[in-house]
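Hi,

Here is the structure I promised to pass on. Have a look at it first, and then read my notes below.

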Amino acid sequence: MDIRSNLSVILQTTTTEIVPQNIQKTTSSTPTAIEKNLKTTKRYREAPAYLINKTDHIEAKVQVRRLPLAKKVSPPNPVLINRQERIQELMKQNSVIHKRATLDPMRSLKSISLTDPEKVTRIIVITYFRAGSSFFGDILQQNWKTFYHFEPLHSMTYDKRIDDEKMPEVFNLFDNIFNCNFTKSKEYMQWVMKPKNQFLFAHNLFLWVTCHSNPKVCFNPSFVNAVCMRAPIHVMKVTRLHMRQLRSYLEQNPDMNIKVVHLTRDPRGIVSSRWSLDWCNGTNCSDSGVLCREMDEDIRIFNDLQKEQPSNFIKVRYEDLSTNPENETEKLFRFLNLPYSTSVKKFLKTHTVGRKSDAKNPYSTRRNSSSMVNSWRERFSYKQILDVQSHCESVLLKLNHSLITSPTQLPYPNGKPKPLITVETIHHKTWRYNKNPLAKKYLANKGEFAQPSQSFSSNQSEIFRSNNTNIEVHKSYKFLDNFSVKNDSKKTSI
């Protein structure tokens, strides 16, 4: 009987709740932290064995830190029973935090003051496809707080200039974006929001740096308005507008005090560059006669406007800018009343010396500027140059370009010969192709990097497409994986 009585006493003591003697019961209604720990311990003991992990440990207080800008995060739980609940709590926070940007773009705008609309400097660069306009526009936007309107007419026409029928729509768009009313340009914003057209805003360095932490905000009309209203300099680059159409807009808006820059280039260099683009070949874009008729009319109208307002019109030759970039840029900035800052000088030093990869990208603005000026002399044969000069002789003389009158003036009168492909070069390039896994995704030029088992036509040219020129934070190079390209395939032009 004594043994049974002793066992019953031991069992009663183990099942009852053990409370330390030094704990005094509080009269307050809110339980203390120690009481919470005791209740947690009791629940843990009473739980079934299969619900308890032997590796779990009871922690009295585990504070979950609330990160900034993480909305809809559950309040921190001071008591977490086991490791599984801690992991679930962290997973909940991560799922919310990673859906949001780490920085709030609107906060960065609060430190930038608004600009008086009457003190805004507005500049329009009117030029042509493949005339060095992307490089030129990037020079003008190197000063901080410069809002760059890159090809706003991209949504209205493809590979040619705007028709006169669309002039009311064009003028309305110009008024909205120059006055920072992007909310009124719904069609324009819808066009830019498409993934294939987002490069139009990515070229705007001031806008993209401000909102790249949360790219969705970059295409919010209200946010774009807020950034635009803080820019004292507005630069618009257009290649799809006639000079006569621009003259009509200036006559209707004399209060804007717009400065016009006419960027020209040797038409032989323009045609040579256009022939290397798939979206331009076979259309009026690659016709030298159409190009020189447009340039001849633009030069004549620009000269008349420059005589009337010499302080608002300036002509820049791409050849002068390429051979002497620093002096020509300093002269241009002095005319436009723009600061010739260190950022502009740094850009010129880094983008006038090209790399091998830049030479293969027709949309890159990193070039060896001095050699790019006369690159058309190597691409064209003497017969091709005579054909272009027959349509563009008057334009060449007006722009002070010399004519080619003899085959001896060209390094390759019959055209630049194709490089000889030997067995060693094929073996070396095939080895590089197989060694680099990324090379298999790219389109080889004329099948030079192809494996021996593959056969490609000898006249198949490289198709290299890109929606970007030089914005380092937004590279969107696109390559075709299939050599068979249909004529009615979708095209992307800039």
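**What I found**

Phe150 and Phe199 are both buried, where buried means under 20% relative accessible area, exposed means over 50%, and partly exposed is in between (1.4 Å probe, protein chains only). Before going on, keep in mind that this is a predicted model, in which local features need pLDDT of at least 70, side-chain atom pairs count only at pLDDT 80 or more, and totals for chains, interfaces and linings use all residues. Residues are numbered from 1 along each chain as its sequence is written, and side-chain values use heavy atoms, with hydrogens and water left out.

**The chain as a whole**

Of its 494 residues, 42% are buried. Look at contacts (heavy atoms within 4.5 Å) between residues at least 6 apart in sequence: 71% of them join residues at least 24 apart. The accessible surface is about 28700 Å², and carbon and sulfur atoms account for 53% of that. Those areas come from the Shrake-Rupley method with a 1.4 Å probe, and for residues only the protein chains shown count as cover.

**Aromatic rings**

How many aromatic pairs does the structure hold? There are 14. Rings of Phe, Tyr and Trp (its six-membered ring) pair if their centres lie within 6.5 Å; planes under 30 degrees apart are stacked, over 60 edge-to-face, and the rest tilted.

One of the pairs is Trp144 with Phe206, edge-to-face at 4.8 Å centre to centre with 85° between the planes. It links distant parts of the chain: Trp144 is in the loop between helix H5 (133–140) and strand E2 (146–150), while Phe206 is in helix H9 (residues 205–211), 62 residues apart. Is Trp144 buried or partly exposed? Trp144 counts as partly exposed because its relative accessibility is 48%, whereas Phe206, at 1%, counts as buried.

Back to Phe150 and Phe199: their ring centres are 6.4 Å apart and their planes are at 75°, so this pair is edge-to-face. Phe150 is in strand E2 and Phe199 in helix H8 (residues 199–202), so to speak two distant parts of the chain, 49 residues apart. Ring pairs also link Phe147, Phe182, Tyr188, Phe201, Trp208 and Phe219 into a cluster. Elsewhere, Lys259 lies over the face of Phe335, at 5.5 Å from the ring centre; a charge sits over a ring if NZ of Lys or CZ of Arg is within 6 Å of the ring centre and within 35 degrees of the ring normal.

**Salt bridges**

The structure holds 11 salt bridges, each a side-chain nitrogen of Lys or Arg within 4 Å of a carboxyl oxygen of Asp or Glu. One of them joins Arg161 to Glu294, with the closest N and O atoms 3.8 Å apart. Arg161 is in the loop between E2 and helix H6 (167–178) and Glu294 in helix H13 (residues 288–308), 133 residues apart. Arg161 is buried at 6% relative accessible area, and Glu294 counts as buried at 18%.

Helix H13 turns up again with Glu297, which is 53 residues from Arg244 in helix H11 (residues 243–252).

Finally, Glu151, Lys237 and Arg240 are linked in a network of salt bridges.

Cheers

Conventions. Helix = DSSP H or I, 4+ residues; strand = E, 2+ residues; numbered from the N terminus.
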